[in-house]
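Thanks for coming. I have one structure to go through today, and I will take it piece by piece. Please have a look at it first.

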Amino acid sequence: MPSAHRVLLILGDQLSFDLASLQPLDPQQDLLLMVEVMEEATHVAHHPQKIALIFSAMRHFAEALRGKGYRVQYVTLDDPDNSGSIPGELQRWQTLTGADEIHITECGDWRLEQSIKDSGLPVHWHSDSRFLCSREAFAEWASGKKQLRMEFFYREMRRKSRLLLNGDGTPVGGAWNFDAENRKALPKHTKAPYPARFVNDDITRQVLTLVSKRFATHYGSLDDFNYPMTHTDAQALWHYFLDYGLAGFGDYQDAMASDEPFLFHARISAALNIGLLDLRQLCSDVEAAYWSGSIGLNAAEGFIRQLIGWREYVRGVYWLKMPDYAEGNVFGNSRPLPEFYWTGQTQMNCMRQAIGQSLQHAYAHHIQRLMVTGNFALLAGIAPKEICEWYLAIYMDAFDWVELPNTLGMVMHADGGYLGSKPYCASGQYINRMSDYCGDCAYKVKETSTDNACPFNALYWHFLMRHGDILRGNQRMGMMYKNLDRMPLAKQDALWQRGQMLLAKLDNGEAF
Ligand code: SF4
């Protein structure tokens with residue numbers, strides 16, 4: 001058995017050569033430990049492609065570290081001595097090596113970090129320097145504020161990173177945010193770039209075989225597995241996006257189209273979240289593309305805001321508010337998640353498209369998640385824990401620190417407005433404006449309370465009516481309630497009745 005002075009754990013979302021806990025590494029004395037464990041693969045029923053990505057990328061990273069001369073102990077899922085959990089493996093390898101210290105970079109999941117802390121092992125924690133804003137710095141920024149605003153945090157991050165700033169510290173283009181220019185609908189017959197493709201090597205093929213056997217009951221297909229597994233391939237995906245996607249990304253980042261699962265989106269979030277890409281490099285490449293004149297300011301600013309604004313902000317909120325944050329349920333929702341979220345079998349074309357591509361690719365872009373599947377869950381009063389679990393399970397890039405605030409806070413408004421100042425609720429009109437889904441739908445988007453009226457319409461008004469006590473006082477909801485109040489009572493009643501009928505169908509386990 002190898003002896004070691006220290007054991008340095010590398011988790012499946014920590015595959016970065018500059019990981020903080022690797023910096024004190026003594027290659028002769030210390031042992032790097034990487035483990036595939038059932039507990040992390042099954043605490044929710046993760047999409048098989050997500051499990052395959054993490055295991056394969058871990059195995060490739062272990063090889064790369066060995067190539068650099070490091071001592072790596074890699075425990076595969078089917079190792080007969082595998083204890084099945086991270087704390088169990090830490091305990092086992094501390095005993096086997098006689099290590100005095102265990103070094104770990106902060107986890108991305110409160111549950112896992114707490115379970116390691118509860119183990120009583122001699123762990124030295126390292127701040128995750130891959131993020132721009134540490135947990136402590138965020139807590140300091142948030143201290144004393146009654147309500148947090150992402151926009152102000154984002155400006156701080158722009159100043160800190162010096163991205164898209166003039167010499168005098170003012171924002172390039174005279175404004176911090178050009179989001180209003182990023183909401184264009186896709187012109188008819190627009191063709192998105194053909195997605196970059198990756199060839200599965202022996203390591204990935206072995207992992208795919210393992211995952212297909214061991215996780216056969218998890219929802220989602222392994223058939224279209226097409227993700228980068230190494231830093232080199234992740235760079236290739238990134239450069240493919242810079243060359244072919246970025247110019248269209250800004251204008252059409254909110255657009256949706258049938259049978260176009262990726263459009264101009266980069267698809268790099270999974271690679272970034274597991275450590276195959278570096279946040280600072282991505283931002284400086286996008287800034288360079290702007291200065292070179294190859295992309296507009298709205299595309300560059302919008303992309304950078306997602307990374308140093310929203311992404312860092314939700315992580316800060318997560319660590320500031322956990323574990324209580326996960327219990328948020330301001331609307332008191334208790335409806336189970338409809339079965340069609342796991343199968344895509346619904347007549348609503350927008351939902352079928354968004355869920356179908358999620359099952360096929362473990363991917364949907366932010367507007368599909370927020371304004372289609374998320375919007376439906378909000379309007380239908382789905383229990384926050386159930387929809388949060390679905391997002392965490394189904395998406396390739398979903399880790400608790402990023403999934404929970406986005407779903408519970410932004411999608412479900414279940415935190416009472418801590419993360420977002422109003423719920424992102426919308427009728428079918430929004431989906432119709434931003435997509436071509438409605439043309440091929442069994443329902444009529446322009447109808448509200450007839451038998452084949454778009455379900456989003458009645459559910460939207462039903463949502464406003466049933467939660468008026470909470471939402472009427474919200475200034476940003478004023479226009480919506482004005483429109484409701486102007487509506488003839490007979491129409492309000494028809495919408496309420498159709499909403500009741502649709503919710504009763506969900507309660508009976510019926511799809512529509
Ligand atoms: Fe979705 Fe309604 Fe449009 Fe159908 S009509 S695609 S349900 S928004």
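Let me start with helix 2, which gives the largest share of the lining of the largest cavity, five residues. Before going on, a word on the source: this is a predicted model, where local features need pLDDT of at least 70, side-chain atom pairs count only at pLDDT 80 or more, and totals for chains, interfaces and linings use all residues. Residues are numbered from 1 along each chain as its sequence is written, and side-chain values use heavy atoms, with hydrogens and water left out.

Helices here are DSSP runs of H or I with at least four residues, strands are runs of E with at least two, and both are numbered from the N terminus. A cavity is a set of points, on a 1 Å grid over the protein atoms alone, where a 1.4 Å probe fits but cannot get out; a pocket is an open set with protein on both sides within 12 Å along at least five of seven lines; and lining residues have an atom within 4 Å of a point. Grid points are joined across faces, edges and corners, and a volume is the space filled by probe spheres set on the points.

Four cavities of 30 Å³ or more turn up in the whole structure. The largest cavity holds about 410 Å³. Its lining has 25 residues, and Gly12, Glu40, His46, Ile54 and Phe399 are the closest to its centre. Helix 1 (38–42), helix 2 (48–67) and helix 4 each give two or more residues to that lining. By class, 14 of the lining residues are nonpolar, four polar and seven charged. The classes are: Ala, Val, Leu, Ile, Met, Phe, Trp, Tyr, Cys and Pro nonpolar; Asp, Glu, Lys and Arg charged; the others, Gly among them, polar.

Next, the second largest pocket, with a volume of about 350 Å³. Of its 16 lining residues, Val44, Ala326, Leu392, Asp400 and Leu404 are the closest to its centre. Two or more residues each come from helix 4 (110–118), helix 16 (384–394) and helix 17 (400–411). Nine of the lining residues are nonpolar, one is polar and six are charged.

What is the order of its five strands? The open sheet runs 3-2-1-4-5, with parallel pairing; two strands pair if DSSP finds at least two bridges between them. Strand 3 (72–75) and strand 5 (123–126) are at the edges with a single partner strand each, so one side of each has no neighbour in the sheet. Strand 4 (residues 101–105) runs parallel to strand 5 and is joined to it by four bridges. In that pair, Ile102 stands opposite Val123 of strand 5.

Two backbone details remain. Met322 and Pro323 are joined by a cis peptide bond, with omega about 5°, and Pro323 sits in the loop between helix 12 (297–321) and helix 13 (340–343). Arg162 is not a glycine, yet has a positive phi of about 65°; Arg162 is in the loop between helix 6 (150–161) and helix 7 (202–214).
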